[in-house]
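My notes follow in the order I took them.

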Amino acid sequence: MISSITIKDVATYDNVNGVTLSDLKKVNFFFGFNGSGKSTISKYLRNLTLNGQQQSQSFNSCSNIGYDDSLHELLIFNEDFIDENFRRNADLKGVFSLNQANSAIDQQITNEETAILSHETLKSRYQSKIDGIEIDKKAKTNALITHCWNQRTAFATFSKISLAHSGSKPNHLQEVRKVLQTPNQVLSLQQLTDQYQTLYEKDLKEVLQKINVKAYLAIRRSEVQLQKLLQDVIVGNEDVEISGLIKALDSRSWVELGINFIQPDKNTCPFCQKETIDADLREQLEKYFDKAYKHKLAEITRYRELYRQETNSLVSSISAVQNVFNPNNIASNLILSLNTVFDQNLEVIDDKISHSNEKKSITSVSSLKKCVSDISAKIKANNQLFKDLDANRQTLLKDIWGFMADQCKQEIQDYDLRLLQYSRINTLATILRQKYSYKIATARQSIEDLRGQTVNTKDAVDNINLILKNAGFEGFEIDEKDKVNNISRYYLKRLNAVTTNPVFESLSEGERNFISFLYFFQLCIGSDDLQNNVSKKKIIVIDDPVSS
């Protein structure tokens, strides 16, 4: 029990000494004039029953000896009690636990339900974030698949090639990713088109015909000898008397030509048709055009014939190639060029024979060596293509995939980077969603636990109604309004009334005081919390302004 109370620095009590009520008994009666501070004592004691946030700081200087919250239950009947239980709430809060325990439980449940709504909102927000990520991820995935698939249109004209995964866009994307794992040189679309034309559209055959390389080398050797002969100045024997005349008239070629027309048994000049060719002239002409002269001319003539045969052999071999292999007229053009060079060289040789004392020069076939080599190289490349046709077609397919993969490379990199961002956001959102799911489950379990802690107040209400009737108050009673969270809610109602509107304020002062005190009385004879307060001793305080 409380043995002493000190009231200081509040209401009418000074802040120095205040008033100490000591040697208190089991029952104590305080009286005094209005405003002397009686109600302040009840308010201070009531303040002790409130939690930290609800307690008034104005009683900080007040104290008591004897009250222990763990041992005692303070019950205060004053204006605050009536205001809290009747005026501020249209519902009658019940008797046992509704004022303290049930009321606190009801508030806790309300707080938990409010928390659940808040948690549900946050959980829904993070779930929406997760759903939004999935929607955006699906859209970005479809866009990437479509972009990669559209690269196939560049090869729509490659009708003889069948690209893999023609029936599955996702598998096409997987193939592109696989290709990107082993980077290779990427060919241009034009290079791929040229290869396709070569490997599929052209009638690729093995070229068995070859350029006669031996003829080419023989021509080169003949050219060396011919160049020496053509550069040699060939003249007759100048020791012969007629040589001076031939030289003065510069008529060597004319004379040499005319000798061929002199008939052995006649003296007629082949030019003037007179009898001027005698034995002496014959002898001088024979000596002038001696064996050395004739040998040199014969040598030129021999090499001319050899050169003609060799050039014909080379041109003939190229013509054979032309009949089966002539890309971009490369063989035809070479034949024209060779024939032009060879014909011009033969004319030069013939002119040398006619004018043996003049230096001449021919064009070497080596000027067309690159063209000859190009044809040989193309024949070799063609035959290699033919030999490796299947392998080359497989390589072309690989290069096509390499081209498509390169066209998708940046988009895939951007997509993968976005996936990492999605993953981080999704992980965080999932953790937070689970966090609030756990909080919701915890709050719901707490609500169930709280509902199991409520106290049945029906007996107390029946007792109040019985006392009302026995005391002659038959115009109103306490009735159950509803039941929320396993807690009955009561209200004052007038008998035979068709409405449940609050009637407390319509009662007379005596009726209000009586019903309020009956309500308080049930708290005093009952328990505020059957689980926790059943063993506590009650300290009951009744303030006279509402009991007088």
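Predicted model: local features only at pLDDT ≥ 70, side-chain atom pairs only at ≥ 80, totals over all residues.

Residues are numbered from 1 along each chain as its sequence is written, and side-chain values use heavy atoms, with hydrogens and water left out.

**Entry: overview**

I counted 15 helices and seven strands in the protein. I then checked burial, where buried means under 20% relative accessible area, exposed over 50%, and partly exposed in between (1.4 Å probe, protein chains only). Of the 548 residues, 37% count as buried. For contacts I used heavy atoms within 4.5 Å. Among contacts with a separation of 6 or more, 72% are between residues 24 or more positions apart.

**Entry: salt bridges**

My criterion was a side-chain nitrogen of Lys or Arg within 4 Å of a carboxyl oxygen of Asp or Glu. Side chains of opposite charge can pair when their charged atoms come close. The search of the whole structure returned 14 salt bridges.

I looked at Asp-374 and Lys-370 first. Their closest N and O atoms are 3.1 Å apart. Why can these two be placed about one helical turn from each other? Because they sit four residues apart in helix α12. Asp-374 is partly exposed at 29% relative accessibility, whereas Lys-370 is exposed at 59%. I also found a network: Asp-351, Glu-358 and Lys-360 are joined by salt bridges that share partners.

Next came Asp-416 with Arg-177, where the closest N and O atoms are 2.7 Å apart. This pair links distant parts of the chain, 239 residues apart. Asp-416 belongs to helix α13 (residues 389-451), and Arg-177 to helix α4 (residues 169-180). Both ends are partly exposed: Asp-416 has a relative accessible area of 29%, and Arg-177 has 22%.

Lys-25 is partly exposed at 47%. Asp-23 counts as exposed at 57%.

**Entry: nonpolar cores**

A nonpolar core here is a set of buried Ala, Val, Leu, Ile, Met, Phe, Trp, Tyr and Cys residues joined through side-chain atoms within 4.5 Å. The largest has 31 residues. Which members touch the most others? They are Leu-314, Ile-318, Leu-338, Phe-342, Ile-349 and Ile-375. The largest share, nine residues, comes from α11.

I listed the neighbours of Ile-318, leaving out residues up to four places away in sequence. Ile-318 touches Ile-211, Ala-331, Leu-334, Ile-335 and Leu-338. A second, separate core has 26 residues, including Leu-187, Tyr-200, Leu-389 and Tyr-415.

**Entry: pocket and cavity**

Rolling a probe the size of a water molecule over the atoms shows where empty space is left. The search used a 1 Å grid over the protein atoms alone. A cavity is a set of points where a 1.4 Å probe fits but cannot get out; a pocket is an open set with protein on both sides within 12 Å along at least five of seven lines; lining residues have an atom within 4 Å of a point. Grid points are joined across faces, edges and corners, and a volume is the space filled by probe spheres set on the points.

The second largest pocket has a volume of about 790 Å³. Of its 25 lining residues, Lys-26, Asn-28, Phe-30, Ile-540 and Val-541 are the closest to its centre. α1 (38-48) and β7 (537-542) each supply at least two lining residues. β7 gives the most, with six. I sorted the lining by class: Ala, Val, Leu, Ile, Met, Phe, Trp, Tyr, Cys and Pro count as nonpolar, Asp, Glu, Lys and Arg as charged, and the others, Gly among them, as polar. That gave 14 nonpolar, four polar and seven charged residues.

How many cavities of 30 Å³ or more does the structure hold? I found one. The largest cavity has a volume of about 30 Å³. Its lining includes Asn-465, Leu-468, Phe-473 and Leu-495. α14 (458-470) and β5 (476-484) are the elements that give two or more residues to this lining. α14 gives the most, with three residues. By class, the lining has four nonpolar, one polar and three charged residues.
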